[in-house]
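Look at the structure first, then read on.

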Amino acid sequence: MSDATARLAEVRLAIARAEADAHRPAGSVTLVAVSKTFGPEAIEPVLASGQRVFGENRVQEAQGKWPDMKERYPDIELHLIGPLQSNKAKEAVALFDVIHTVDRPSIAQALAREIARQGKAPRLLVQVNTGEEEQKAGVIPQEADAFIAACRQEHGLEIEGLMCIPPVDQSPGPHFALLAKIARRNGLTVLSMGMSGDFETAIEVGATHVRVGSAIFGAR
Ligand SMILES: *Cc1c(COP(=O)(O)O)cnc(C)c1O
């Protein structure tokens, strides 16, 4: 058994425990295994142990390593969790099943155009910059409702949920709670929140998707 396989089993157990502690149904949280910077040889054992949902943060890196594995495991589900540039919308729509980082009108517009052109629509989440950090992507909380409405009405996009990355130096709970609140008032059911260090807290607050990298694959 590879280290990653053993760690994956531990993460799955921890997720199951957190679901039970929060009185949530078993299996209500989807584990997105974040494989950024790791090559196929590191990912293969994780695939072999049944994991099918993976997250990548760069379109180009994902294009280089996933097409082959997707051919061998057609039920792989790929999530883009890193910033998207408008000029990569074409590649992103072609490769990814879920995009977590819709955060500005130019991206919404580029995605709408590619979805129409390719006749293939990834599921879409809006990234919210809950900590209002200068350097971080995402719409600020006060602008989230208007942006979600614009995605729906002006760009005809179906938005499924929200994603956030809390500031590293703050307790994540309040950020997760804020994301859940914005989702509720916008009728959104998917919450992508929680990483290796805080996924249990996120599950307590209602995460439907946790994005876990180093706890499975090791340090990057
Ligand atoms: C890298 C990354 C993760 C995974 O982080 P870990 O701390 O390694 O679990 C989750 N979400 C995003 C957006 C990331 O870029």
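The questions below concern a predicted model.

Q: In which pocket does the ligand sit?
A: A pocket counts as holding a molecule if more than half of the molecule's atoms lie within 2 Å of its grid points. By that test the ligand sits in the largest pocket.

Q: How much space lies in the largest pocket, and which residues are closest to its centre?
A: The space in the largest pocket comes to about 500 Å³. Its lining has 26 residues. By class they are twelve nonpolar, nine polar and five charged. Closest to the centre are Lys36, Ile165, Met195, Arg211 and Arg220.

Q: How do the residues of the shell around the ligand divide by class?
A: Among the residues that surround the ligand are Val34, Ile81, Met163, Ser196 and Val212. Lys36, Arg211 and Arg220 also belong to this shell. The division is six nonpolar, three polar and three charged.

Q: What share of the ligand's exposed area does the protein bury?
A: Start with the ligand taken alone. It then exposes 390 Å². Of that area, the protein buries 89%.

Q: Which elements give two or more residues to the lining of the second largest pocket?
A: This pocket holds about 160 Å³ of space. Its lining includes Ala112, Ile115, Arg123, Leu124, Ile159 and Glu160. The lining divides into seven nonpolar, two polar and three charged residues. The elements are α5 (105–118), β5 (123–127) and β6 (159–163).

How values were computed:
Residues are numbered from 1 along each chain as its sequence is written. This is a predicted model: local features need pLDDT of at least 70, side-chain atom pairs count only at pLDDT 80 or more; totals for chains, interfaces and linings use all residues. Side-chain values use heavy atoms; hydrogens and water are left out. A residue is near a molecule or strand if one of its heavy atoms lies within 4 Å of it. Accessible areas come from the Shrake-Rupley method with a 1.4 Å probe; for residues, only the protein chains shown count as cover. On a 1 Å grid over the protein atoms alone, a cavity is a set of points where a 1.4 Å probe fits but cannot get out, and a pocket is an open set with protein on both sides within 12 Å along at least five of seven lines; lining residues have an atom within 4 Å of a point. Ala, Val, Leu, Ile, Met, Phe, Trp, Tyr, Cys and Pro count as nonpolar, Asp, Glu, Lys and Arg as charged, and the others, Gly among them, as polar. Grid points are joined across faces, edges and corners, and a volume is the space filled by probe spheres set on the points. Helices (H or I, at least four residues) and strands (E, at least two) are DSSP runs, numbered from the N terminus.
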